[in-house]
Amino acid sequence: MKYVLLFCSPVGDEEQSPAEHADDPRFAAYFEEVRAGRVTGGARLRPATDATTVRVRGDEVLLSDGPFAETKEYLAGIAFIDVADLDEAIALAAKHPAASVEVRPVWE
């Protein structure tokens with residue numbers, strides 16, 4: 001089954017680059033295990049402060065700086081995984097060293 005892991009970080013936490021994550025042994029161990037044939041794609045996202053929100057109202061395109069909504073957490077990254085079932089997806093998500101992780105099935 002295919003799932004997406006949505007990694008959320010608390011607003012105000014220190015933002016780390018992908019290189020800093022690679023140097024952190026907790027993240028290195030997590031990435032090594034998760035990428036063992038189960039990850040099919042994904043990306044680390046830049047901070048929510050770098051977001052631009054696009055809204056269309058009729059013929060008008062409205063732009064605003066920042067995320068779609070103000071929240072206590074922001075989407076920090078995504079990973080697409082191909083695993084046997086929801087239990088395996090949850091087990092992978094539970095091993096992430098820093099983020100809250102939303103596990104969501106992908107339409108096939």
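Which residues does Ala-79 touch, not counting residues up to four places away in sequence? Ala-79 touches Tyr-3, Val-4, Leu-5, Phe-7, Gly-41 and Gly-42, where contact means heavy atoms within 4.5 Å. The model is predicted, so local features need pLDDT of at least 70 and side-chain atom pairs pLDDT 80 or more, while totals for chains, interfaces and linings use all residues. Residues are numbered from 1 along each chain as its sequence is written, and side-chain values use heavy atoms, leaving out hydrogens and water.

Ala-79 belongs to the largest nonpolar core, which has 12 residues, including Tyr-3, Leu-5, Phe-7, Tyr-30 and Val-34. Such a core is a set of buried Ala, Val, Leu, Ile, Met, Phe, Trp, Tyr and Cys residues joined through side-chain atoms within 4.5 Å; buried means under 20% relative accessible area and exposed over 50%, with a 1.4 Å probe and protein chains only. E1, H2, strand E5 (73-82) and H3 each supply at least two of its residues. Helices (H or I, at least four residues) and strands (E, at least two) are DSSP runs, numbered from the N terminus.

In helix H2 (residues 25-34), Phe-27, Tyr-30 and Val-34 are buried. They lie on the same side of H2 because they cover an arc of only 65° around the axis, taken from the directions from the helix axis to the C-beta atoms. Exposed Pro-25 and Glu-32 sit on the face turned away from that buried side. Among the elements covering the buried residues are strand E1 (2-10) and helix H3 (86-94).

His-96 lies in the loop between H3 and strand E6 (100-105). His-96 counts as buried because its relative accessibility is 13%. Its contacts include Phe-27 and Tyr-30 of H2.
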